[in-house]
Amino acid sequence: MVQKLAVPPIYTPFTPAIHPRHAAIDRQTAEWAEKFGIGSERLRRQLVGQEIGTFAARILPDGQEEAISILADFVLWLFGVDDGHCEEGALGTDPSELVGVLSRLTRVAQNPEAPIMADDPLAGGLRDLRRRIGLYASPAQATRWVDGLREYFMSVVWEAAFRRDGTIPDLADYTLMRLYDGATSVVLPVLEFGNGYDLDANERDGTEVRALAEMAYFIITWDNDIFSFHKESRGDHYYLNVIRVLEKEYGVGPDEALDIAISQRDRVMNLFLRVRDRRLADASPELARYLDSFGTFIRAAQDWGITSHRYTTPDDPADLPSVFRDTPADPGCEPLDIAPITWWWDLVH
């Protein structure tokens with residue numbers, strides 16, 4: 001029998017928020033999934049019960065309702081790719097075939113009028129998403145959304161290679177892969193157009209802001225791995241998760257791996273707050289709003305992670321916390337010894 005991991009309350013300095021129309025948005029997303037036939041009937045039934053619309057409403061609590069609906073539909077679509085094609089489908093163990101499918105989907109996102117994959121439900125859903133994004137996003141924002149999607153697709157293919165071989169990456173490779181396969185970068189353009197502004201590229205692409213975005217990706221994906229470990233470890237399919245990676249990396253059991261994961265995300269959170277506060281000192285109003293939305297995004301993922309049936313798994317309940325703590329378990333500021341991200345700490349030296 002697989003051990004049940006007891007997840008303690010984790011640290012968050014951010015306050016919860018949610019758009020008042022969250023229930024309606026969640027219903028609309030369920031209808032959208034049915035309209036486009038996203039995933040198998042069984043998978044679709046699971047996804048529409050996971051309050052994905054509520055998650056999007058937490059990410060954009062003050063955003064335009066249509067933009068929140070786009071984000072909700074997109075997150076459900078992502079799970080259609082990840083759960084359907086990768087975890088449950090044959091393509092998830094065949095990177096050479098998967099890269100072709102994802103390349104064609106990239107073309108659909110770039111040019112939704114392209115006459116390819118006409119009968120594919122995921123392509124149909126993606127066409128609809130891209131057309132709706134075009135109504136609210138600037139051309140530059142829409143292009144960045146496609147670029148983020150391409151990053152996600154590339155990392156999904158990388159993960160498929162590990163799934164094919166039944167192997168576990170080392171911590172450095174897993175960290176780099178996780179920065180992209182959480183699809184967090186795809187959400188960032190939506191934070192802009194969903195809140196009605198277009199951030200200057202010189203501010204958005206500055207070294208500190210780029211580092212802060214990556215730190216947010218790390219925190220969100222590490223938290224997700226912590227909350228999803230129970231669900232993933234109970235399945236009969238291959239899975240990658242930071243707990244499993246840390247067990248292999250350090251030769252420890254799941255409880256100690258959990259402690260290490262929490263320490264790592266706390267250390268990154270401590271750095272995130274320090275760099276963010278310094279950058280806010282001379283930020284434009286748009287950049288200040290952008291950086292504030294990172295915290296909202298992190299907290300949205302946390303609140304959804306401990307409440308959604310996707311992770312609480314009522315038929316075999318996960319031992320997840322119902323509250324958060326207001327101080328880090330690890331208050332340290334020392335850099336993590338993970339090669340792809342050590343440069344973040346150079347910003348405060």
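Predicted model: local features only at pLDDT ≥ 70, side-chain atom pairs only at ≥ 80, totals over all residues.
Searching the whole structure turns up 16 aromatic pairs. Let me walk you through two of them.

One is Trp158 with Phe162, a tilted pair, with 6.4 Å between the ring centres and 40° between the planes. Where do these two sit? Both are in helix 7, residues 139-165, and because they're 4 residues apart there, about one helical turn separates them. How accessible is each partner? Trp158 is partly exposed, at 29% relative accessible area. Phe162, on the other hand, comes out at 14%, and since buried means under 20%, Phe162 counts as buried.

Next up, Tyr174 and Trp222. That pair is tilted too, at 5.9 Å centre to centre, with the planes 50° apart. What does this pair link? Distant parts of the chain: Tyr174 belongs to helix 8, residues 171-181, while Trp222 belongs to helix 11, residues 207-234, and the two are 48 residues apart. As for burial, Tyr174 has 1% relative accessibility, so it's buried, and Trp222 is buried as well, with a relative accessible area of 0%.

Then there's a cluster. Which residues are in it? Phe74, Trp77, Trp145, Tyr152 and Phe153 come together as one aromatic cluster.

Last topic, arginines over rings. Arg310 lies over the face of Phe79, 3.7 Å from the ring centre. And Arg244 is over the face of Tyr239, with 4.9 Å to the ring centre.

Terms used
Residues numbered from 1 in each chain as written. Heavy atoms only, no water. Phe/Tyr/Trp six-rings, centres within 6.5 Å; stacked < 30°, edge-to-face > 60°. Buried < 20%, exposed > 50% of the residue type's maximum accessible area, 1.4 Å probe, protein only. Lys NZ or Arg CZ within 6 Å of the ring centre and 35° of its normal.
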